[in-house]
Amino acid sequence: MEMSREKLCASKADGSSDSAYHCLACHDDEEWGSMSRGRAKSRSLSASPALGSTKEFRRTRSLHGPCPVTTFGPKACMLQNPKTIMHIQDPASQRLTWNKPPKSVLVIKKIRDASLLQPFKELCVYLTEENNMIVYVEKKVLEDPAIANDENFGPVKKKFCTFREDYDDISNQIDFIICLGGDGTLLYASSLFQGSVPPVMAFHLGSLGFLTPFNFENFQSQVTQVIEGNAALVLRSRLKVKVVKEHREKTTVQNGIEENGVVSVNLEKEVGKQIMQYEVLNEVVVDRGPSSYLSNVDVFLDGHLITTVQGDGVIVSTPTGSTAYAAAAGASMIHPNVPAIMITPICPHSLSFRPIVVPAGVELKIMLSPDARNTAWVSFDGRKRQEICHGDRS
């Protein structure tokens, strides 16, 4: 499992201006953005200047906070490797821009919620008639009797482009996404795009609102700001998950005797491996499923066994997912700008295993322990649930 940075959420517009200054602790010619908000200058041990320098450093709002020290004592310093230098933009200065004006928008509405019918109709009328946008909607949304039988909405409905999940690929046809619902609606929108995700604008019209910062009362001005590129961005990480299953095939042998005359006892033959890949916004959950036995899985970090989880299961979550199932299981909440992966046990049968935070970019491998009594089950953001047997791994 690895982390990827996606342009997933567009937050409210912010008109603040940045000023640039030089960071002498890293490179003399490198410029960093600093927000001028009247904060007092402070000195930090982890961001102290090199010996002989009298200039003070100002704490930035980047992912790593203060700039790290690159000199150690009078003679030692960090070897500079240009290939590994990572320039990270200040999250407060991340802004949306368009290479070309957006023309198509995907509108995702929470299914079977009558309270969203009127906001959905108002938004679609505004996008099609006043902005001349191409609107994509799910086919099952238009099958709602309240929409199908509305004659006044008929002319607008004829302009829609429809698609079906798992059948139609729209990943290269959508410029940005508008969600009407709660956090679950945004998670569903993320699952539709297993590659690059267009900017997502989520209106808070559901039960939970951790990921939905927009209110629908003044949606016209907010949608216009996004179309014009006048909006701030919040980048959220996703997990790259690969499930490797040992594919076995049952063959029928007449009279229990194979071609070579040997009596066959086990009719299952290994014919290869089946690999499935997903990109997950919240979490990957490995649990015991319907079994009454505790799950028993081994967790490897970059090829090294770090622990064996014996309990109801284990949650591997992103910072975004730290406010979901992981929080209910006793984990801490992580800010979405922190590059990290959280490993949280579900009701562990041990007092020594507590939630673990590991750096983003590491490779985690989870597989059944050799002495596990039963299989385990894995789900991705609560969807596409499947069984894991001995020899399988994710």
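The structure is a predicted model, in which local features need pLDDT of at least 70 and side-chain atom pairs count only at pLDDT 80 or more, while totals for chains, interfaces and linings use all residues. Residues are numbered from 1 along each chain as its sequence is written, and side-chain values use heavy atoms, with hydrogens and water left out.

Surroundings of histidine 390

- With 43% relative accessibility, histidine 390 counts as partly exposed, a class that lies between buried (under 20% relative accessible area) and exposed (over 50%), using a 1.4 Å probe and protein chains only.
- Apart from neighbours within four places in sequence, histidine 390 is in contact with Leu368, Ser369, Pro370 and Ala372, contact meaning heavy atoms within 4.5 Å.
- Between the C-alpha atoms of histidine 390 and alanine 372, which are 18 residues apart along the chain, the separation is 8.5 Å.

- Strand E6 (residues 104–109) is largely enclosed by the rest of the structure, because 6 of its 6 residues are buried.
- Ser104, Leu106 and Ile108 point one way from E6, whereas Val105, Val107 and Lys109 point the other way.
- E6 runs parallel to strand E7 (residues 134–138), to which 3 bridges join it, and two strands pair if DSSP finds at least two bridges between them; valine 105 stands opposite valine 135 in E7.
- E6 also runs parallel to strand E9 (residues 176–181), with 5 bridges joining the two, and here isoleucine 108 stands opposite cysteine 179.

Key: Helix = DSSP H or I, 4+ residues; strand = E, 2+ residues; numbered from the N terminus.
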